[in-house]
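Student: Could you walk me through reading a sheet and the helices around it?
Tutor: Gladly; let's look together.

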Amino acid sequence: MTTATTTTGTRAVNGSVGTAHTRVEGRDKVTGTARYAGEIPFAELAHGWLALSTVARGRIRSVGTETVLAMPGVLTVLHHENAPRVDTDYVGLLGAPDPTAAVFQHDRVPHVGWPVALVVAETSEQAREAAEALVVHYEQEPHDVAFSADRPDAYELDAFGPAVMAKGELDAGLAASAVVVDAEYTTPEEHHNPMEPHAATALWDGGRLEVVDSNQGTTWVANELANMFSLDPASVHVRSEHVGGGFGSKGLRAHQVAAVMAATELQRPVRVIMTRRQMFSLAGYRSPTTQRVRLGADADGRLRALDHSSLSLTSTVHEFVEASAGPARVMYDADAHHTANRVVRLDVPTPTFMRAPGEAPGSFALESAVDELAEKCGIDPIELRVRNEPERGPVSGLPFSSRNLLACFREGARRFGWADRDPRPGLRRDGRWLLGTGTAAASFGAMAMPSTAAVTAEADGTFTVRVNAADIGTGARTALTLVAADALRTTPDHVRVHIGDSDLGPAMIAGGSAGTRSWSWAVMIAAEELRERLALNTGIPPEGITVRSDTTAAIGALSQKERHSFGAQFAEVAVDPATGEVRVRRMLGIFAAGRIVNPLTARSQLVGGMTWGISMALHEEAVRDRATGGHYGADLAGYHVAAHADVPHIEADWVDDVDPDDPVGIKGIGEVGIVGAAAAIANAVWHATGVRHRNLPIRPDRVLTADGHA
């Protein structure tokens, strides 16, 4: 066994962790050997195509199946009158299931794009043609999709934390403040469109339900299906080896349930794949938000009062809150501190977790308001943050495991050339372009959830790691290889990692930036125990020596602290005052994200998040037609995202961020890269033009209006 020592930048690295390593499955992906859920062949495979409602509210009067069943290749049409009954009266990993996934259970239609039928045929082309020919008659009812800040029916909603957290006298704190910022910020409905569509194939094999799926956690989906279909969990097997993106959208969805129903009905494999258009109504999305931020400070910029209230929407069938007031509970303290998250029920699909849920839109409002406060106080935006750096959690009162935010700002300011910045807006020009720079802070929680793993020492001297991780494009498979290699004191080429199979045992999903941290912990415990056993053995039997781990007790014993990744975002923009065009010229992000396992994929994750921040700031906006309740342009032609030409030179790096009490030391990086990015860009646009933009995206027409509203 060997231990390598290399140097990354100025950091000495012992072993594999911390050394740049190409993806272990990279060759398979670029050669096509790696197959995604919709590509795996099955004998006698049938294809299902979902038919979705065209009305926003009402009842199904009739489904015209007779003509469709006579079409070539059509095998069956499932709908509310003939589909198997399923159970939704249970609590799963993330709470009660969204009834949208429990397809074809009743005749109610709660939004446009609600699944009303599944047409199954011998080929996907036949299924699509028949589904498009299916005639469904509705009893239409008036609908309401109007989202606004003044909704009288909005209410507070607890979700993964209290809806309201407060201390001190807010009104008194604001009244006693020398400087006050009171502003409203809005973000639009946004959609995560992973490159690989949602796809699932279901079949029964010897009394066991087999599902090949694209998801963010096979145990999660297997348990949901077992509950919904009242099956023994041991009789459900879900595989998801390669996943082309998830972003929070790939949990239990309508297509998996429909595929299981059809496979049960036909007793043959059935595959259901969502179309890109269907994903706009069935895969979840980020709710629009309206946020009010009030900051009260002394003349020297020290906060006396902080109030951050956020309103988002949810569907009429399921509750989900975009908890955008959450970042304020971590970032800044004040004697009077108030945060609240509210929702309003509308006739729309249910939103869901979308990369940096709550933090992404919440940081736009909060970090824009902090920049406005700095302007009013005549204080540099970084210096203002220095003066308001909390020693403990502003709301929890807990100590931080590590909080190296100021180190991020110091290093970022040095690299970005912040010291040379003239704070006055609208002065710098490059020909017709107005130039500006902006900054913002970022944070994202660093949690760990119980997971299991098994590590085997093989007779040939190699090691096999089995952990039910999900690599959704983040490089998790490679990171786990490096973690295992170091724990076993060997090299990565001696380690094979198997993931994405519910038979491997329970493990954390790929979500909440907690996957690699959770899985690595389980792998480390098993590997270290295995290494101890090997020291006592004179040889390895043909079947190998296996050690299994479960981190439930270890995580339960972890001390209570505020654990987060932090970051400082910097952006330079150019604005054409004649056309309203905004171009981001350069971005820099410096992060404090614990132990960096693989610098190569870590940097890609951070740059990807910052790219998403550009898209969020300038492009992304799903617009609903109030007359129909549906989207204008529910596709990647009508829904704009940042293209290659929109993405400038982006640099991402990190500072040392060590927590001596943390046995793993890994924090999440999948989401912190997007947090603060949109605010940094918006603050740079103000610096370029002198106009505040409190409504995303910053479209050319908004730039051309004097107040930033259009």
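Tutor: First, two strands pair if DSSP finds at least two bridges between them. Helices (H or I, at least four residues) and strands (E, at least two) are DSSP runs, numbered from the N terminus. Here β20 (residues 433-445) and β25 (residues 564-575) run antiparallel, joined by 12 bridges. Across that pairing, threonine 439 stands opposite phenylalanine 570. This is a predicted model, where local features need pLDDT of at least 70, side-chain atom pairs count only at pLDDT 80 or more, and totals for chains, interfaces and linings use all residues. Residues are numbered from 1 along each chain as its sequence is written, and side-chain values use heavy atoms, leaving out hydrogens and water.

Student: What is the strand order of the open sheet?
Tutor: The order is β19-β20-β25-β26-β27, with mixed pairing. Its edge strands, β19 (428-430) and β27 (649-654), each pair on one side only.

Student: Which helix lies across β20, β25, β26 and β27?
Tutor: Contact means heavy atoms within 4.5 Å. Axes are lines fitted to C-alpha atoms, for helices over the stretch in contact, and angles run from 0 to 180 degrees between N-to-C directions. Helix α11 (residues 405-416) lies across those strands, at about 30° to β25. Helix α16 (residues 677-689) touches β20, β25 and β26, at about 155° to β20.

Student: Is glutamate 572 buried or exposed?
Tutor: Buried means under 20% relative accessible area, exposed over 50%, partly exposed in between (1.4 Å probe, protein chains only). Glutamate 572, in strand β25, has 9% relative accessibility, so it counts as buried.
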